[in-house]
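Hi,

Here is the structure I promised to pass on. Have a look first, and my notes follow below.

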Amino acid sequence: MLAPGIRRDSLPWRPLFPFLLAGLTCAVAVAAWALSSSAPVSTDGVAAPAIPASEIRSVAYLEPETETRLDRLLVRSATPGSEPRQLAAFPYTFTGLHARAAAAPTGDRIAVLSVDGTRGAGAALSLVDLDGRVRTVDGSFEYLSAFAWRADGSKLAVVASGEPGVLEVIEIDPVTLQTTEAAQFTASFQVVPLGYSLDGSRLFIVVVDQAGSNLWMVRGGSLQRVAELSPGRTRDWALSPDGSRVAFIDVLSASSRTYVGKTLTIATGAVTTLQSGRNQVGATWQPGNPIPVFGGPGGTLQLEDPSTEAAWVVPHAYAPVGDYLVVSTYSAGASADSRPSASLWLASPAARELLTDDPAASFAGWVRGN
């Protein structure tokens, strides 16, 4: 079992997941849920040209270097034992405000938000190509903004602060770096660009405010409320690859089970719950699977080690082929807001390899390479 403090070079590849459900009750619940919520949902237009999944086989991640106070953007192949190479580095001024990043679905560039203390409370947005070229987008952006890439990589949506009390969703053309305001929201606790529809014509946004958690949509310059996720707070949202569903964690603070994994079907507004007796944290989608994958003590992913009570995992994202998954592991007793005990693992159904044991490191996405 993973224990905090064990160094990277002393950890061999070990089994991580059976990728099976914890018991028969959970399996029956998931089967029933799949039958009720996985029917095909129509989408508008035509899907963006697909990038061959076999070309996107490398992991990008950010790892702090404390001596130089730099967040290093690293890329390494999923091939076992591969060494990482550095694409770029971003200075950080304040401990805890490390760079955050997300790779385009096309796997050819990475968007990075970083805070170096020169922009007041705002963050700089940079686009990094796989050859190491770094370009900075004009503007001051929200450090904690989510990233939403269009499937063909032609647009990126992030959040910036407008007038006092206003949060703006900004779309960026990654080639020209031109910015356009897509929507703005007032008196919101969180505004989260979630992702685009399969054909790229609709941008989905989660807004958490006094009315609860709601899904909004921008289409053709028009803003429209689509559905309610919850009357309260939610977190860990993930749009399905076909843009038809949203997996998320409903935060039920009045319940003994505080964090509950749910799915919204966008076309109908129906919300379904994955039954579990324990908290769930983190959500993602495995390519080709209509059922989302949740992490946490009650998640559908569990460590295969003898004592499953000793640690739990949070999934980040599957490789486009669906054979590898990047996760973080948490020690027993950790809360949903705790730092991981070992930050990033590259895992398959048979084995795991530690990418970095720095708790401040973060996953940046899957990019092209072998």
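Before the rest, some housekeeping. This is a predicted model, so local features need pLDDT of at least 70 and side-chain atom pairs count only at pLDDT 80 or more, while totals for chains, interfaces and linings use all residues. Residues are numbered from 1 along each chain as its sequence is written, and side-chain values use heavy atoms, with hydrogens and water left out.

Back to the rings. Rings of Phe, Tyr and Trp (its six-membered ring) pair if their centres lie within 6.5 Å; planes under 30 degrees apart are stacked, over 60 edge-to-face, and the rest tilted. That rule gives two aromatic pairs. In one, Phe185 and Trp216 have ring centres 5.7 Å apart and planes at 75 degrees, so the pair is edge-to-face. Phe185 is in strand β11 (residues 179–186) and Trp216 in strand β14 (residues 212–219), so the pair ties together parts that are 31 residues apart in sequence. Strands here are DSSP runs (E, at least two residues), numbered from the N terminus. Phe185, at 7% relative accessibility, counts as buried.

In the other pair, the ring centres of Trp312 and Tyr330 are 4.6 Å apart and the planes are at 10 degrees, so this one is stacked. It links distant parts of the chain, with Trp312 in strand β22 (residues 311–318) and Tyr330 in strand β23 (residues 325–331), 18 residues apart. Both Trp312 and Tyr330 are buried.

The charged end of Arg100 is over the ring of Tyr143, 5.9 Å from its centre, and Arg352 lies over the face of Trp345, at 4.5 Å from the ring centre.

Next, the core. A nonpolar core is a set of buried Ala, Val, Leu, Ile, Met, Phe, Trp, Tyr and Cys residues joined through side-chain atoms within 4.5 Å. The largest one has 18 residues, and those with the most contacts inside it include Phe141, Phe147 and Trp149. At least two of its residues come from each of β5 (109–114), β6 (123–129), β7 (134–141), β9 (156–161) and β10 (166–172). Leaving aside neighbours within four places in sequence, Phe147 is in contact (heavy atoms within 4.5 Å) with residues including Arg100, Ala111, Leu125, Leu156 and Pro193.

Arg76 sits in strand β2 (residues 70–77) and, at 4% relative accessibility, counts as buried. Its side chain makes a polar contact with the side chain of Glu353 (3.3 Å) and reaches the backbone oxygen of Ser82 at 3.4 Å. A polar contact is a pair of N or O atoms within 3.5 Å; within protein, one must be able to donate a hydrogen and the other to accept it, and residues adjacent in sequence count only if both atoms are side-chain atoms.

Last stop: Thr356, in strand β25 (residues 352–356), is buried at 0% relative accessibility. The Thr356 side chain reaches the backbone nitrogen of Asp358 at 3.1 Å. Asp358 is in the loop between β25 and β26 (362–367), and a polar atom of the Asp358 side chain lies 2.9 Å from the backbone nitrogen of Ala360.

Cheers

Key:
Buried means under 20% relative accessible area, exposed over 50%, partly exposed in between (1.4 Å probe, protein chains only). Helices (H or I, at least four residues) and strands (E, at least two) are DSSP runs, numbered from the N terminus. A charge sits over a ring if NZ of Lys or CZ of Arg is within 6 Å of the ring centre and within 35 degrees of the ring normal.
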